[in-house]
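Please look over the sequence and the structure shown below, and then read the briefing that follows, which is grouped by topic.

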Amino acid sequence: MADLNELSEKLSSIKAEIKAELEKKETSKSVFEYRKTIFDSKTGKIGSLMREMGKIPNEMKAEYGKRVNEMKAWAQDMFEEMDEKFRKEEMKHRYESEKLDVTMPAREIKIGYLHPNTLIRNRIVDIFGSMGFEIYEGTEIETDYYNFTALNTPDDHPARDMQDTFYLSDKFLLRTQTSAGQIHVMEAKKPPIKIISPGKVFRSDDDATHSPMFSQMEGLVVDKGITLCDLKGMLDEFVRRIFGEGTSTRLRPSYFPFTEPSVEVDVSCFQCHGKGCKLCKGTGWIEVLGAGVVNKKVLEGCGIDPDVYSGFAFGIGIERIAMLKYGINNIKLLFESDLRVLEQIRE
Ligand code: DAH
């Protein structure tokens with residue numbers, strides 16, 4: 001910059017350019033964009049004037065700086081004025097075009113609800129929780145040992161065929177039953193034991209009442225003097241609270257390798273109260289779970305003396321209870337997340 005006259009000329013020409021450009025603008029957005037280009041510290045006209053300060057001889061620096069700053073303040077005012085003008089117009093336009101109809105009905109807010117499976121699981125946990133059961137949550141990947149061998153189901157035991165297993169390797173599998181949790185608990189803790197263990201289980205099984213993944217709730221009580229009577233009393237209380245007053249249980253002999261004796265537990269039909277209906281297939285009874293007295297071999301394997309302690313165990317299918325309670329005839333409906341189905345089921 002040779003002299004200050006040259007600067008004056010330059011400033012005047014920038015001012016003229018800004019004025020001319022601003023006159024062409026029609027929106028606050030375009031003013032904003034233009035402002036950015038002018039003030040950009042690297043490429044903008046005003047930005048570059050500031051950068052040139054370094055090349056100005058010392059004796060001219062003060063005057064140069066003063067004029068450039070005046071120019072900057074002028075430009076800022078110009079931009080602000082234009083911005084305000086357009087904003088006012090734009091707001092006015094918006095208020096005019098956007099009409100608010102306060103008589104319109106409100107938009108419906110959809111509230112989420114708990115899934116039927118979750119409702120039932122929570123209910124069962126509450127019931128057993130109130131009887132003093134603690135919760136043990138096992139893992140979905142188990143070893144063959146915990147899922148079968150320690151439950152008195154060694155290799156080539158025919159009972160292994162009762163459950164079609166997804167093996168991950170020779171040693172690891174997706175647990176087929178929450179019963180695996182019994183062993184972990186008995187290995188870690190000595191009696192008295194009183195736990196429930198809810199969780200997902202997996203079997204290669206697929207039809208209207210079976211799904212490859214479903215949920216179970218295991219129960220285990222071990223202490224001195226525990227008998228099948230204790231099991232029956234506790235189950236009566238359980239079905240009364242889940243299916244309603246007046247329901248009771250009946251035990252039928254069955255077989256599970258880890259219980260001896262083993263029982264299949266039926267609940268008296270909560271729909272027809274024993275007269276016989278479609279739900280209970282005319283029998284007055286509905287099968288709900290498997291249970292039994294813990295096999296002495298299982299206790300022994302976990303280091304619990306079967307001559308001192310005894311226990312009972314039970315396994316409940318959560319989906320089965322949900323299907324019975326809510327009248328669902330296909331287990332898939334519980335996994336498809338179809339809101340038309342789920343919205344019908346509330347606590
Ligand atoms: N684990 C069994 C199953 O999945 C259910 C069962 C039966 C669990 C009897 C138990 C029991 O604890 O005692 O078919």
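Helix H2 (residues 28-39) and helix H3 (residues 45-52) pack with their axes 4 Å apart and at an angle of about 20°, which makes H2 roughly parallel to H3, a label given to angles under 35 degrees. This is a predicted model, in which local features need pLDDT of at least 70 and side-chain atom pairs count only at pLDDT 80 or more, while totals for chains, interfaces and linings use all residues. Residues are numbered from 1 along each chain as its sequence is written, and side-chain values use heavy atoms, with hydrogens and water left out.

**The helix pair**

- Thr37, Ile38 and Phe39 in H2 meet Lys45, Ile46 and Gly47 in H3, where contact means heavy atoms within 4.5 Å.
- By class, the contact of H2 with H3 has three nonpolar, two polar and one charged residues.
- Axes are lines fitted to C-alpha atoms, for helices over the stretch in contact, and angles run from 0 to 180 degrees between N-to-C directions; helices (H or I, at least four residues) and strands (E, at least two) are DSSP runs, numbered from the N terminus.

**The sheet**

- Seven strands form an open sheet of mixed pairing, in the order E1-E4-E5-E9-E8-E7-E6, and two strands pair if DSSP finds at least two bridges between them.
- Strand E1 (134-135) and strand E6 (249-256) stand at the edges with a single partner strand each, so one side of each is left without a neighbour in the sheet.
- E1 pairs with E4 in the parallel sense over two bridges, and glutamate 134 stands opposite isoleucine 195 in E4.
- Strand E4 (residues 193-202) is mostly covered, with eight of its ten residues buried, that is, under 20% relative accessible area with a 1.4 Å probe and protein chains only.
- E4 is joined by ten bridges to strand E5 (residues 213-223), and the two run antiparallel; here isoleucine 195 stands opposite leucine 220 in E5.

**Threonine 249 and its surroundings**

- Threonine 249 is found in strand E6, which seven bridges join in the antiparallel sense to strand E7 (residues 259-268), and its bridge partner in E7 is valine 267.
- At 5% relative accessibility, threonine 249 counts as buried.
- Helix H8 (residues 228-243) lies across E6, E7, strand E8 (285-294) and strand E9 (310-317), running at about 120° to E6.
- Leaving aside neighbours within four places in sequence, the residues in contact with threonine 249 include Lys232, Leu235, Asp236 and Val239.
- The side chains of threonine 249 and aspartate 236 are joined by a polar contact of 2.6 Å, meaning a pair of N or O atoms within 3.5 Å; within protein, one must be able to donate a hydrogen and the other to accept it, and residues adjacent in sequence count only if both atoms are side-chain atoms.

How values were computed: Parallel < 35°, antiparallel > 145°, perpendicular 65-115°, else oblique. Nonpolar A, V, L, I, M, F, W, Y, C, P; charged D, E, K, R; others polar. Buried < 20%, exposed > 50% of the residue type's maximum accessible area, 1.4 Å probe, protein only.
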